[in-house]
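Reader: Could you walk me through this one, with the criterion behind each label?

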Amino acid sequence: MPLPPKLTLISDSRFLHHDTGIDHPELPARLQLILSNLEQNDFFSSLGFHDTRPAERKWLMAAHDEGWLFRFEEAVLSGKTSVDHTDNQICYESYEVATLSAGAGLTAIDLMEQGQARQVFCLVRPPGHHAERNRPFGFCFFNNCVVAARYWQQHYGRQRILVFDFDAHHGNGIQAAFEREADSLYISIHEHPSFSYPGTGYKDETGFGEGRGSILNLPLSPGAGDEQLLALLRGPVEEKIAQWQPDAMIVAAGFDGHRADEMSGLLYSTGVYEKVGQVVRALSNRYCGGRLLSMLEGGYELTVLGESVEAYVRGLLAE
Ligand SMILES: [Zn+2]
């Protein structure tokens, strides 16, 4: 049997059906633009592709209370246009699309565990890292990374799951899920919470009880750029991973730290995402048998989002 492609992408045209209305930054064009940009590249024909599936209720409930599932479903069916906050815009299809977004991670893990993919990047929306057990937050409804982590742990017995998050914002939902557990590790590099949404992610938030040490927050001051990001990746991030020894790695891949993206005060260049891709691929090969799942999170500046994702993909392919 020939080796699977170096990288498999999971996306689906149904992700475009989550309509966030006018003047909302998390819009369907983000994904269209990312995909049309990738299509123009020489490496595109070497990639694998796969559709998503709806996440089974059991796996959504491994990360969320059933009460939130009912509340979300009822909100879309009753024609509401947002849940809990106007940030969280919804339409009639949003519940279904969110289950497809969370299901991408499950499909990805199946492909990797069954030897049909080497690493997977899920190009999904809505994003997930702000969503908490019982509520949506910051454009996020189901926490795609936490759902995937639970599946890897409970369905395939990969106990020690690392989520590394380079979105400009702190993934409060992932931290809340992991902070009392010894077998789950969350590492996040983000703009300092004193200046940035959602206001969590201070360095001294390290976990509770047996989960002490399972959270590593590495906030950057506004104005920080490539050099600071890469120094953290090659320093404390790698040290923690080497010491912790994960069984598999999930990357919350957000691109809103780009200097052109007004969602943060970070000043990353497009090119740094290639280096980030190289480093996470190398870390996954060195420490967890190459089991690497990347999930799209934020990134809202349409003039640079396509090239930023392209750079990250180039990095993932560089092994
Ligand atoms: Zn973000």
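**Around the zinc ion**

Author: Let's start with a pair: the side chains of histidine 169 and aspartate 256 are joined by a polar contact of 3.0 Å. This is a predicted model, so local features need pLDDT of at least 70, side-chain atom pairs count only at pLDDT 80 or more, and totals for chains, interfaces and linings use all residues. Numbering runs from 1 along each chain as its sequence is written, and side-chain values use heavy atoms, with hydrogens and water left out.

Reader: What makes the link between histidine 169 and aspartate 256 a polar contact?

Author: A polar contact is a pair of N or O atoms within 3.5 Å; within protein, one must be able to donate a hydrogen and the other to accept it, and residues adjacent in sequence count only if both atoms are side-chain atoms. The pair sits at 3.0 Å, so it meets the distance limit.

Reader: Which residues coordinate the zinc ion, and at what distances?

Author: Asp167 (OD), His169 (ND1) and Asp256 (OD), at 2.0 to 2.1 Å. Donors are N, O and S atoms within 2.8 Å of the metal (3.2 Å for Na, K and Ca), so these qualify; water is not among the atoms, so sites may look incomplete. Along the chain the donors follow the spacing D-x1-H-x86-D. Histidine 169 lies in the loop between β6 and α6 (172-178) and aspartate 256 in the loop between β9 and α8 (272-287), so the pair ties together parts that are 87 residues apart in sequence. Helices (H or I, at least four residues) and strands (E, at least two) are DSSP runs, numbered from the N terminus.

Reader: Why is histidine 169 called buried?

Author: Its relative accessible area is 8%. Leaving aside neighbours within four places in sequence, histidine 169 is in contact (heavy atoms within 4.5 Å) with residues including His129, His190 and Met263.

**The sheet and its helices**

Reader: How do you know which strands are at the edge of the sheet?

Author: The open sheet has eight strands in the order β2-β1-β5-β10-β9-β6-β7-β8, with parallel pairing. β2 (48-50) and β8 (215-220) are the edges, each pairing on one side only. Two strands pair if DSSP finds at least two bridges between them. β9 (residues 248-253) and β10 (residues 292-296) have five bridges, so they pass.

Reader: How does helix α5 run against β9?

Author: Helix α5 (residues 144-156) lies across β6, β7, β9 and β10, at about 170 degrees to β9. Axes are lines fitted to C-alpha atoms, for helices over the stretch in contact, and angles run from 0 to 180 degrees between N-to-C directions.

Reader: What makes phenylalanine 139 stand out in its phi?

Author: Phi is near 75 degrees, a positive value in a residue other than glycine. Most residues other than glycine have a negative phi, and most peptide bonds are trans.

Reader: What makes a nonpolar core, and how many residues has the largest?

Author: It's a set of buried Ala, Val, Leu, Ile, Met, Phe, Trp, Tyr and Cys residues joined through side-chain atoms within 4.5 Å. The largest has 100 residues, and those with the most contacts inside it are Phe121, Leu293 and Tyr312. Helix α4 (residues 94-113) gives the largest share, 11 residues.

Conventions. Buried < 20%, exposed > 50% of the residue type's maximum accessible area, 1.4 Å probe, protein only.
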